[in-house]
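Me: I am new to this structure and would like to learn how to read it, one feature at a time. Could you take me through it slowly?

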There are 2 protein chains.
Amino acid sequence: MITDAIRMTIPDRGGGRVAMVMETIRQRVAGRALTAGARLPSIRQMARTAGVSPSTVVEAYERLVAEGLIGARPGSGFYVAAQAAPLELARVGPLRDRAIDPLWVSRQSLEAGATALKPGCGWLPPSWLPQEAVRRALRGLARADEAVLADYATPLGLAPLRQLIARRLADKGVEAAPERIVLTESGTQAIDLICRLVLEPGDTVVVDDPCYFNFQALLRAHRVTVVGVAHTPSGPDIAAFAAALAAHRPKLYITNAAIHNPTGATLSAATAHRVLKLAEDFSVTVVEDDIFADFEHRPAPRLAAFDGLERVIQIGSFSKTLSASARCGFIAARGDWVERLVDLKIATTFGGGRLDAALVLRVLTDSVYRKHCETLRTRLARARAEAGTRLKRIGLKPWLEPQAGMFLWCALPQGVDAADVARRALEHEVVLAPGNVFSVSQSATGFLRFNVAQCPEPVFAALDRALREARG
Amino acid sequence: MITDAIRMTIPDRGGGRVAMVMETIRQRVAGRALTAGARLPSIRQMARTAGVSPSTVVEAYERLVAEGLIGARPGSGFYVAAQAAPLELARVGPLRDRAIDPLWVSRQSLEAGATALKPGCGWLPPSWLPQEAVRRALRGLARADEAVLADYATPLGLAPLRQLIARRLADKGVEAAPERIVLTESGTQAIDLICRLVLEPGDTVVVDDPCYFNFQALLRAHRVTVVGVAHTPSGPDIAAFAAALAAHRPKLYITNAAIHNPTGATLSAATAHRVLKLAEDFSVTVVEDDIFADFEHRPAPRLAAFDGLERVIQIGSFSKTLSASARCGFIAARGDWVERLVDLKIATTFGGGRLDAALVLRVLTDSVYRKHCETLRTRLARARAEAGTRLKRIGLKPWLEPQAGMFLWCALPQGVDAADVARRALEHEVVLAPGNVFSVSQSATGFLRFNVAQCPEPVFAALDRALREARG
């Protein structure tokens, strides 16, 4: 075993490879694929599986010993520590040195200074959001009824907002009465509540590979095993999806509606139909995350629309097109789930965002909101085209041309490691989103996700430099 | 086994007793005291323990069979169903008929119509809150910087608010640098995050008996076993607390700071010292919920102050004295916990309430807030005295005269069941808080909690009538 003091002096010779092996073990422990007392793969075996040298595995294991996650028994290998440490989602340390895990992009983006560039982040700049309408809504709220300003929300949440959400869902073919809609404090909280209701530790959940990194971070908090299914331009790879359902018997499949994060892929009707058929065959509940709804030019197929909200639960929020500062999301689900979700919501957050819901309602019903969304879609289409051109010029290749949204999922030149590029860019205050934070299988080392709304001119120069440095 | 159709026709002959037995079993299953496949107590044994007739137990068990929670094996008794149903915190059904469980008061209070009276609820009427300051804050926010209106919060949350909270904590003797304070979306969410970090299913948590009912609802969501320790006017009964720690080896003890909910008891310095000593001896982490801080005339001892935030985590919010519509709470904890709490917060809710935090900061720094709190304390003292007099007149006896706060914990006349009174009062649109929703041991059937700020004249007449009906 090596001490903390010694550990500090070990240079990261293996670069991202040591971190990758550590991350693999951490994930298996977090997902309970390796439980307390379980023996780790041998050095030789792990080296083969991960495609790294045995000395890289030795270093990774020794660091995990120093962290207390595993222990070594002389002559018989490494074991998961008997006394599991409290739930830890990621390696904790100074942010700069933090391992690139599913929380890396969130933390770097949320903590970036005012001068930092954030092409890796997942939201629009404030100037792209309907600020005048938000200011108008705040002035209106200042004159609102006293209960709006002081009281808890009702358990389901503000009725007129739920009615409006029901109408918006109907526009996408999803039939949900307002009584089947539960307001939450965010889209993330909506998924969290569903996980709390459906999952038990040790269960398995299927996600897309790549998928929104926070699905992975959230699922780790639920101590479940996460299985990825390769994504195609029209949705999950159906053969892989079927195989994963048969092999792992997951309880949940979590995916994006319409515009996939990070790839920008759009679900086709044929794939939607097959996904639902398989979900039914294997009794899987599907969570469809529709937070990018207002980015779409024309609505793509919704799983929830095909299914009639029987097996599919839809969630959404207004963070991407209205404001991320006001917190408001929702769940649309089968009637018999609603009561239980409400109980869970009260137990874990009590009331829930009456003021923010009132603000969102005011902005959504402000006459400028529809116009704002139209302008936004056009602006994003232009930004996608421009960023695509600029990125190609410096050697990056978009995986596809998305029909809508803010993301471009780009392949790096052969042999360049995205985590390496991201670390170098961070030195110059540019937060990138390296592919593996999205990938359960850690198979996206050659990709970066770009937010085209966060790509001003200097991003490309900084990126070009980081790329050239990474190529050595 | 009885079918659903038959179940519908069974009259609730046992009244609350059948529900109580069902609830006992549900709690044991939820808390994992009874796990899948485990045999239930025999009919005879359960009847003895619960002090009910065997036929009441039979009916309760049969209903649980119909719900799918347990199964019957002819000749060998009842067993917890192998395939555990999804997490359910409470019996779901039409609210009026809902079993009186830890969520009963929350749901009834939050769903009560505008004309309902809510002496059982846990918050002040809007007119008792600083509305003009809230309106002023909203007008100010309408002119705020664009990032305040549009962007996510930083991971720890608004720095000036954390600085202000650090100063407020220092006033109560709790030393916490702003970097050790994490903003959350509510006090409830603050406790939930701590539970997520510290607890695993099957762990044990100690609470006061009686305690705030939502502690129990929240802990059920974490699938842990809850153990209650009798409360005294100066804090937990130390002998019982020591015995519980020795017998159950809990991970956490969750309690109120200063003003205890529901009893209004105040922690004494001597008890605080003993609690901390025992917590240290048994390696128990303590969560001190300080949401009533601004109700106090002079600060009572804080566990966090004695302990220096080593073993104690303090949480708070502004729902009780500022607004429950804007959601903002906080955690003050040891430095090495903060990073992990932030990761969990991002994973489960992503950003978190920037706009609401900005609003709270504006109100707290508004010159009228201090004056508002002073007025509020005087008004509450007067209301406590008045409500106490009125309650005594109709036969209720306050357990003690609290030094501060909005609650009176009152004993009913001998032989009157609080749940029965609460159900009768609900018929007349009066939401009461019956004692057993606060009691892990279900030993508070003879108590009601009153919120003196929600006791206008008609409450007493309605209560008097319900009491007389309950006495037959």
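**Reading the sheets, the interface and single residues**

Reply: Let us begin with one pair of residues: Asn256(A) has Asp289(A) as its bridge partner in strand 8 of chain A, where strands (E, at least two residues) and helices (H or I, at least four residues) are DSSP runs numbered from the N terminus. This is a predicted model, in which local features need pLDDT of at least 70 and side-chain atom pairs count only at pLDDT 80 or more, while totals for chains, interfaces and linings use all residues. Residues are numbered from 1 along each chain as its sequence is written, chains are lettered from A and ligands numbered from 1 in the order in which they are written, and side-chain values use heavy atoms, with hydrogens and water left out.

Me: How many bridges join strand 7 of chain A to strand 8 of chain A, and in which direction do they run?

Reply: In general, strands of a sheet pair through backbone hydrogen bonds, either parallel or antiparallel. Here strand 7 (residues 252-256) and strand 8 of chain A run parallel and are joined by five bridges, two strands being counted as a pair if DSSP finds at least two bridges between them. Both belong to an open sheet of eight strands in chain A, with the order 3-10-9-8-7-4-5-6 and mixed pairing. At its edges stand strand 3 (181-184) and strand 6 (235-236) of chain A, each with a single partner strand, so one side of each has no neighbour in the sheet.

Me: What is the order of the open sheet of four strands in chain A?

Reply: The order is 11-12-14-13, and the pairing is antiparallel. Strand 11 (397-398) and strand 13 (433-434) of chain A are the edge strands, each with a single partner strand, so one side of each is left without a neighbour in the sheet. Two bridges join strand 11 to strand 12 (residues 407-411) of chain A, and Pro398(A) has Cys410(A) as its bridge partner in strand 12.

Me: How much area do chain B and chain A bury between them?

Reply: The size of an interface is often given as the accessible area lost when the parts come together. Chain B and chain A bury about 6800 Å² between them, 56% of it on carbon and sulfur atoms, where buried area is the accessible area (1.4 Å probe) lost by two parts on being put together, summed over both. Leu110(B), Tyr152(B) and Phe350(B) supply 10% of the area that chain B buries against chain A, more than any other three residues. In contact terms (heavy atoms within 4.5 Å), 81 residues of chain B meet 81 residues of chain A.

Me: How many salt bridges are there between chain B and chain A?

Reply: There are ten, a salt bridge being a side-chain nitrogen of Lys or Arg within 4 Å of a carboxyl oxygen of Asp or Glu. One of them links Asp192(B) with Arg196(A), whose closest N and O atoms are 2.6 Å apart.

Me: Is helix 5 of chain B largely enclosed or open?

Reply: Seven of the eight residues of helix 5 of chain B are buried, so this helix is largely enclosed by the rest of the structure; buried means under 20% relative accessible area, exposed over 50%, and partly exposed in between (1.4 Å probe, protein chains only). Its buried residues pack against helix 14 (335-349) of chain A, together with helix 10, helix 17 (418-427) and strand 13 (433-434) of chain B.

Me: Is Ala247(A) buried or exposed?

Reply: Ala247(A), in helix 11 (residues 238-248) of chain A, is exposed, with a relative accessible area of 59%.
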